[in-house]
Amino acid sequence: MLTEDGNAARLHPGAAAGDVVFLLDVDNTLLDNDRFAADLGGRLEQAFGAAERARYWQIFSDRREQLGLADYLGALQLFRTGLDDDPQLLGMSQYLLEYPFASLVFPGALAAVAHLASLGTPVVLSDGDVVFQPRKIQRSGIWDAVSGRVLIYLHKERVLDHVQRRYPAAHYVMVDDKPNLLTAMKSVLGAKLTTVFVRQGHYALAAQSNAGLPAPDRVIERIGDLQNLGISAFQLKS
C-alpha cells in the first residue's frame, strides 16, 4: 500500500489487511484519568498550597486550549515560575513520571483487551504528547496488553487516514468515553466504523458531550462489559 507521496506505507509487524481493528482510547476509557487528576491536585496542594494548585490548573487549562491536548509536563514547566528555589518543585517531576498508573486501570479493562484480541486486532488510539502519554500507557500495562500497537496523535479524529495506513482493515471499532469524538470519527469512516461509547469519567457524563449526531452505535457502562460482547455486537459478520 502506498501513501499520498508514493512511498510504501509503514505497517506495524503483524498488521494484516482485512482484520477487524479495535481502536481503544486510554484516558477514562481504559484508565481512570479523573482519579489521576484528583491525586495530582492533592499533591500540588500538599506541596505548595491551594492557591498554587489553582494556578497550576489554570496553566494546564490554558495550554489545553492552546495545544488541544493535556500537557501535564508542559504545565509544570510554566508552573515553576516563582518557585525555582522551592525544594518541592523537583519532586513534582518525579511524581508525574513515576506515578503508579497500573493502579488506575479500570477493573476488567485488560481482560477486555484480551477478549478483543480474540476477535480482531486491538490498537490504542490516543490523543496526547510524545513523552508523558506513552509513559502512562507503558507504566499502566496497557502497552504490553496491545503488544505495542500504540498510536498517539494531537487530534486522532483528524488523522484517520494515518490510522488506516498503519492498520488496514475491512472494519474498525472505536471505543471511547467522548461521544462527540465518536460522532466526528463516524462522519469520516461511516459504515466502516462501529462506535462504542463507554459511560465513564466526567466527559462521558457532560450534557454537551452527548449532543452530537449520529448517536454511538453501542453504549456500555463499564469498559469491562466488552468481555461479554461477541463479534456480532459490533455489527460484523462472524
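**Confidence, sheet and aromatic packing in the predicted model**

Within the protein chain, confidence is highest in helix α7 (residues 142-145), at a mean pLDDT of 98, and lowest in helix α10 (residues 201-205), at 65. The structure is a predicted model, and the average pLDDT of the protein chain is 88, with 87% of the residues scoring at least 70. Where pLDDT is low, the predicted coordinates should not be read in detail.

The model contains an open sheet of six strands, arranged in the order β3-β2-β1-β4-β5-β6 with parallel pairing. The edge positions are taken by β3 (150-153) and β6 (218-220); each has a single partner strand, so one side of each is left without a neighbour in the sheet. From one strand to the next, the twist averages 25°. Strand β1 (residues 19-24) is joined to strand β4 (residues 169-176) by six bridges in the parallel sense. Leu 23 has Met 174 in β4 as its bridge partner. Helix α6 (residues 132-140) packs on the sheet, where it touches β2 (121-127) and β3, and the direction of helix α6 makes about 150° with that of β3.

Aromatic side chains were examined next. The count comes to 15 aromatic pairs. One of them, formed by Tyr 56 and Phe 60, is stacked, with 6.4 Å centre to centre and 25° between the planes. Tyr 56 and Phe 60 are separated by about one helical turn because they lie four residues apart in helix α2 (residues 50-67). Both residues fall under the 20% limit for burial: Phe 60 counts as buried at 7% relative accessibility, and Tyr 56 counts as buried at 1%.

Tyr 56 also pairs with Phe 79. The ring centres of Tyr 56 and Phe 79 are 5.7 Å apart and the planes stand at 85°, which is over 60 degrees, so this pair is edge-to-face. The pair links distant parts of the chain, since Tyr 56 belongs to helix α2 and Phe 79 to helix α3 (residues 72-79), 23 residues apart. Phe 79 has a relative accessible area of 0% and is therefore buried.

Tyr 56, Phe 60 and Phe 79 belong to one aromatic cluster, which also includes Phe 36, Phe 48, Trp 57, Tyr 72, Tyr 95, Tyr 99, Phe 101 and Phe 132.

Technical notes
Residues are numbered from 1 along each chain as its sequence is written. This is a predicted model: local features need pLDDT of at least 70, side-chain atom pairs count only at pLDDT 80 or more; totals for chains, interfaces and linings use all residues. Side-chain values use heavy atoms; hydrogens and water are left out. Rings of Phe, Tyr and Trp (its six-membered ring) pair if their centres lie within 6.5 Å; planes under 30 degrees apart count as stacked, over 60 as edge-to-face and the rest as tilted. Helices (H or I, at least four residues) and strands (E, at least two) are DSSP runs, numbered from the N terminus. Buried means under 20% relative accessible area, exposed over 50%, partly exposed in between (1.4 Å probe, protein chains only). pLDDT is the predictor's confidence in each residue, from 0 to 100. Two strands pair if DSSP finds at least two bridges between them. Axes are lines fitted to C-alpha atoms, for helices over the stretch in contact, and angles run from 0 to 180 degrees between N-to-C directions. Contact means heavy atoms within 4.5 Å.
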